[in-house]
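Here is a short report on one model.

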Amino acid sequence: GASTRGDEAFRGVEKALSSYGIGLSDVVSCLFFVRDQSKVFDLFSGFYDAFNVRHPPPPTRDELEALSEFGPSAAVLARCV
């Protein structure tokens, strides 16, 4: 789902994973495509809360600046495995 806050986005990921019997503790790598670099701080405050505080240790991560095929409403696309 779409979210404008990093903490909400990671809670949404956590909810989606739980329907498969797994959680954020099972994530080993995240790749982020960020349209606007000014959104990175919000994204990573959510990342920190999700993976450093609630489900350590954090997975590896990488972020790339890129335009989204979903248009201007998608500030960040994430792929976590």
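## Core

A nonpolar core is a set of buried Ala, Val, Leu, Ile, Met, Phe, Trp, Tyr and Cys residues joined through side-chain atoms within 4.5 Å. Buried means under 20% relative accessible area, exposed over 50%, and partly exposed in between (1.4 Å probe, protein chains only). The largest such core has 13 residues. F10, F32, F47 and F51 have the most contacts inside it. Helix α1, strand β1 and helix α2 each supply at least two residues of this core. The largest share, 6 residues, comes from α2.

## Basis

The model is predicted: local features need pLDDT of at least 70, side-chain atom pairs count only at pLDDT 80 or more, and totals for chains, interfaces and linings use all residues. Residues are numbered from 1 along each chain as its sequence is written, and side-chain values use heavy atoms, with hydrogens and water left out.

Helices (H or I, at least four residues) and strands (E, at least two) are DSSP runs, numbered from the N terminus.

## Strands and crossover

Strands β1 (residues 29-34) and β2 (residues 60-65) run parallel, joined by 6 bridges. Two strands pair if DSSP finds at least two bridges between them. F33 in β1 has L64 of β2 as its bridge partner. From β1 the chain crosses through α2 (residues 40-54) to β2, a right-handed β-α-β crossover. Right-handed means that, with the strands pointing away from the viewer, the path from the first strand over the helix to the second runs clockwise.

F33 is partly exposed, at 30% relative accessible area. Contact means heavy atoms within 4.5 Å. Beyond its neighbours within four places in sequence, F33 contacts L64, A66, A75, V76 and L77.

## Helix α2

The 15 residues of α2 should span 21 Å at 1.5 Å a residue. That expected span is 1.5 Å times one less than the number of residues. The end C-alpha atoms are 20 Å apart, which agrees. A kink of about 25° is centred on Y48. The bend is the angle between axes fitted to the seven residues ending at a residue and the seven starting there.

V40, L43, F44, G46, F47, A50 and F51 of α2 are buried. The buried residues of α2 pack against α1 (6-18), β1, β2 and β3 (76-80).

Residues up to four places away aside, F51 touches F10, L24, V27, C30, P56, P57, P58 and P59. P57 lies in the loop between α2 and β2. The peptide bond from P56 to P57 is cis, with omega near -5°. Most peptide bonds are trans.
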